[in-house]
Amino acid sequence: LEELANLVRLHPGSEDFAELRREELRRGEVRSFAPPFGKDLAKVEDVGWALVVAEDTPADVRKALQPLVDHRSKSAGNLLNDKLDYKKGEQVRAWYTRMGIVPSELEPEQVPYYLLLVGPPTSIPFDFQYLLGIDFAVGRVSFETAAEYARYARSVVAYETAGRPGNAHEVVYW
């Protein structure tokens, strides 16, 4: 068990998380790890939506995702953020600090709960994604071309704005 604990301590960024938690406990701060009062995690309008894009992502990829951003803005309103970025080599703790947030406290005005990472794991590493997933609902899209991102954005919008599919249950006897 001690070996496993040592491996966890060796993981980049985990030491910073532990130190942050020790500081909070010293100050007598106790968090419930629950969403803020009155916020429903299932409702985008309560907790927001954001894109997290690697800093070197081409402008045409961002432009290709604009229909999806516009569509999400209808439900997320002022809790939509399409300006979040990831700097190459950045650890989660440093990203939290740069965003002005702390682990396990949802502040959708700063960083929305629903995050869509844009790009391959060579741009935004999997370990960053997994650590973000502790506090946020994180997804990822990764395509080769801007046209594929545009097709994805259009298909999501089309699916979500289409009328309800016919799925009535019917029993026929003969």
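Predicted model: local features only at pLDDT ≥ 70, side-chain atom pairs only at ≥ 80, totals over all residues.
Phenylalanine 126 and tyrosine 130 are four residues apart in helix 7, so about one helical turn separates them.

Phenylalanine 126 has 40% relative accessibility, so I noted it as partly exposed. Tyrosine 130 has a relative accessible area of 55%, so I wrote down exposed; the cut-off for that word is over 50%.

Next entry: glutamine 129. I found glutamine 129 in helix 7 too, which covers residues 126-132. Is glutamine 129 buried or exposed? Its relative accessible area is 13%, so glutamine 129 is buried; buried means under 20%. I checked its side chain and found a polar contact with the side chain of arginine 140, at 2.7 Å. Leaving out residues up to four places away in sequence, I listed Leu117, Val138 and Arg140 as the residues that glutamine 129 touches.

Last entry: aromatic rings. I describe a pair of aromatic rings by the distance of the centres and the angle of the planes. How many aromatic pairs does the structure hold? I noted eight. In one of them, tryptophan 95 and tyrosine 96, the ring centres are 6.2 Å apart and the planes stand at 65°, so I call the pair edge-to-face. Tryptophan 95 is buried, at 0% relative accessible area. Tyrosine 96 also has 0% relative accessibility and counts as buried. I went back to phenylalanine 126 and tyrosine 130: their rings are stacked, with 5.9 Å from centre to centre and 10° between the planes. I also noted a cluster in which ring pairs link Tyr86, Trp95, Tyr96, Phe128 and Phe136.

Terms used. Residues numbered from 1 in each chain as written. Heavy atoms only, no water. Helix = DSSP H or I, 4+ residues; strand = E, 2+ residues; numbered from the N terminus. Buried < 20%, exposed > 50% of the residue type's maximum accessible area, 1.4 Å probe, protein only. Polar contact = N/O pair within 3.5 Å; in protein donor to acceptor, adjacent residues only side chain to side chain. Contact = heavy atoms within 4.5 Å. Phe/Tyr/Trp six-rings, centres within 6.5 Å; stacked < 30°, edge-to-face > 60°.
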